[in-house]
Amino acid sequence: MLKKLKDKAKELLKNKQVDLFIGYKRAADKISAAPGFITQEEQADSLIWDAYCVYNLASYLMEFPGKKKAIMVKPCDARAIIVLLQENQIKREELFIIGLECSGVIDQKRGLAFDEKCKNCQLPASGLYDLFIEDKNKKDKPAKPDDFDEYESIRKSEAKSLVQRLKFWEEEFSRCIRCYACRQVCPMCYCPKCVAEQTMPAWFSKAAGLNGNFSWNVTRAIHLAGRCVGCGECERACPVGIPLREINKKIEKDIKELFNYETGLNIEQKPLLSSFDKSDPDEWIK
Amino acid sequence: MIRIFKKEEFNKAVVSWLGEFQVIGPKRIGNKGLFYEPIEAMEDLYLGPGITVEPMKKFFLIPSEYLNSSSVPEKNKRLIVGANPCEARGICLLDKVFDSEYKDKFYIDNRQRTTIVGLSCIAADEHCFCTSLGGDPTDTRGMDALLFDQQDNFVVEIITEKGSQLFGALGKELEADEKKEWQKNKAKKKGLLKKKINAPGSLGHIFENEYWKEVSAGCLSCGICTYLCPTCHCFDLVDDERKKLRCYDSCAFSDFTLETSGHNPRPTKKERYRQRVFHKFDYFKTNFGENLCVGCGRCIRSCPVKIDISQVIANAPI
């Protein structure tokens, strides 16, 4: 599998089909993976592919407009590429997408063999990849129990009172240091000037106090409504362990229930917030 | 002065200090890791191997504070227990900035009202590299007193007057053989460090090198490395509801050097990441004679894309 990948990378760079290959390389700790940016054929041997390749490399795509890029993606990362294409942020003709069959990635921070997101991984529509590399030694993913409910934690939280929920999130957000790693790592956060950086007017306080922290985290989550692909990078990057995915998952669940919409699974689909349907549950839209 | 006492005696002492001081120390928060938190009961205080996610810098250089005279925090006495030696060294470096030629009243107030009781490292992980930068797991610089974990006992080295007032007559002085044992154990601690790198002398001549582009390629431009650094101290001044707010800022942010005209002298990650490395291993040394890094490894541990500053400086093409 790795050989196939390296050969393809060499071929693409040699034939100048791409200017840049965005993949994974081994990190300095010799265990973890790190994003790798390859422009020379001979560098292709540094590419790796294993359960440490957690990053969603799609978040780098917008850094290189006008360049032809090849990118390694896990099926879950591909959902982010679909949304970026739907939102006209990247050009399909500049991309060579290499899908990799994935047996799930690890959660290094919590020391888990499988990331939470891998328990309910959904493959996007086929046809997106220019090349899909299958894994002959594919390991079985953790079995999905019949009664698996991906929104179990959300339902539990919904059952709580508003006051209890507020208390929970106040406690979580009190730790936010406003490093904006959640924003920077997110493939969907690409505003040229983030609302958090605007000063005229300043929409919310720069102070890392509860008011500003609440405004920031809620604004971020709402801006991702119908756009979040659930890659979980925000939560993985958060140095203080705020369960950021839970907020986006709640929105994801609502959208699924209200509009039967799932993000980033079908390239033909219109973005949720720019589509109109007479069967929308709200009366006013008719 | 060096004294020895049973751990239970120390625990009792901590409880007795709760009345006089606001006691702060490492506390385990769920699966999030260790955080410096106010300690209300002895069970909260974690004095074991490991390192907190955030450094104790935040108690001296407050992440967000209003610089109005009316907002000077209540001058209660604070006691930080369980700080790692590398962090206390970090505070010594911050002193050079905020309590030397320029006196920062807020910082100095916080320093004066705080007593720091450290704990010699029990373990080091693969990211620690303090010994490469002149540190040591038993370093007492910046400490008022430093505890040393020795089976059922703590040996404490009392460094300052504040430390001496705090420990008073707790425990007893070490006898000759106890002192020998302690010194032997202490000497072993250096061996905890698995990583040893050579810090560069100066970097000026490789300022324009493409190396900086290469090492910063994966950088996300988030503020983790700077906010979690025990020595990074850049801040921003903003008007917040008609008050002047000082809050942390980061050279990794794209708008850090953005000028009103729209010009940005550090337009890409290359210039921004290079700035971080140069500030730590070149400019600060020129200005204050030391590297602005204590090798705690926080920026490496928490970097979402595994950028490793120890390797960046070790492999710099000097």
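1. Let me start at one residue of chain B. Leaving out residues up to four places away in sequence, B:Ser216 touches B:Lys269, B:Lys270 and B:Tyr273; two residues are in contact if their C-beta atoms, placed from the backbone, lie within 7 Å. B:Ser216 sits in helix 6 (residues 211–216) of chain B, where helices (H or I, at least four residues) and strands (E, at least two) are DSSP runs, numbered from the N terminus. B:Ser216 counts as buried because 21 C-beta neighbours lie inside 10 Å; the cut-offs are 20 or more other C-beta atoms within 10 Å for buried, 12 or fewer for exposed, and partly exposed in between. B:Ile159 is 57 residues away along the chain, and its C-alpha atom is 41 Å from that of B:Ser216.

2. A word on conventions before going on. This is a predicted model, in which local features need pLDDT of at least 70 and side-chain atom pairs count only at pLDDT 80 or more, while totals for chains, interfaces and linings use all residues. Residues are numbered from 1 along each chain as its sequence is written, with chains lettered from A and ligands numbered from 1 in the order in which they are written.

3. Chain B is assigned domain 1 (2–192) and domain 2 (204–314); such bounds come from an automatic or database domain assignment. The C-alpha centres of these two domains of chain B lie 26 Å apart, and the contact between them takes 28 residues from domain 1 and 25 residues from domain 2. On the domain 1 side, strand 4 (64–66) and helix 2 (85–98) of chain B each supply at least two residues, and helix 2 of chain B gives the largest share, eight residues. That side divides into 15 nonpolar, seven polar and six charged residues. Here Ala, Val, Leu, Ile, Met, Phe, Trp, Tyr, Cys and Pro count as nonpolar, Asp, Glu, Lys and Arg as charged, and the others, Gly among them, as polar.

4. Please have a look at the sheet in chain B. It is an open sheet of eight strands with mixed pairing, in the order 3-2-5-6-7-8-1-9. Strand 3 (33–38) and strand 9 (172–173) of chain B each have a single partner strand, so one side of each is left without a neighbour in the sheet. Strand 1 (residues 2–6) and strand 8 (residues 153–158) of chain B pair in the antiparallel sense over five bridges; pairing requires that DSSP finds at least two bridges between two strands. Within strand 8 of chain B, B:Asn153 stands opposite B:Lys6.

5. Chain A has its own two-domain assignment, domain 1 (2–133) and domain 2 (152–277). Their C-alpha centres lie 24 Å apart, and 23 residues of domain 1 of chain A are in contact with 18 residues of domain 2 of chain A. The domain 1 side of that contact holds 12 nonpolar, five polar and six charged residues.

6. Now for the contact between the chains. Here 27 residues of chain B are in contact with 26 residues of chain A. Helix 7 (224–227), strand 10 (235–240) and strand 11 (243–248) of chain B each supply at least two residues of the chain B side. The chain B side divides into 13 nonpolar, eight polar and six charged residues.
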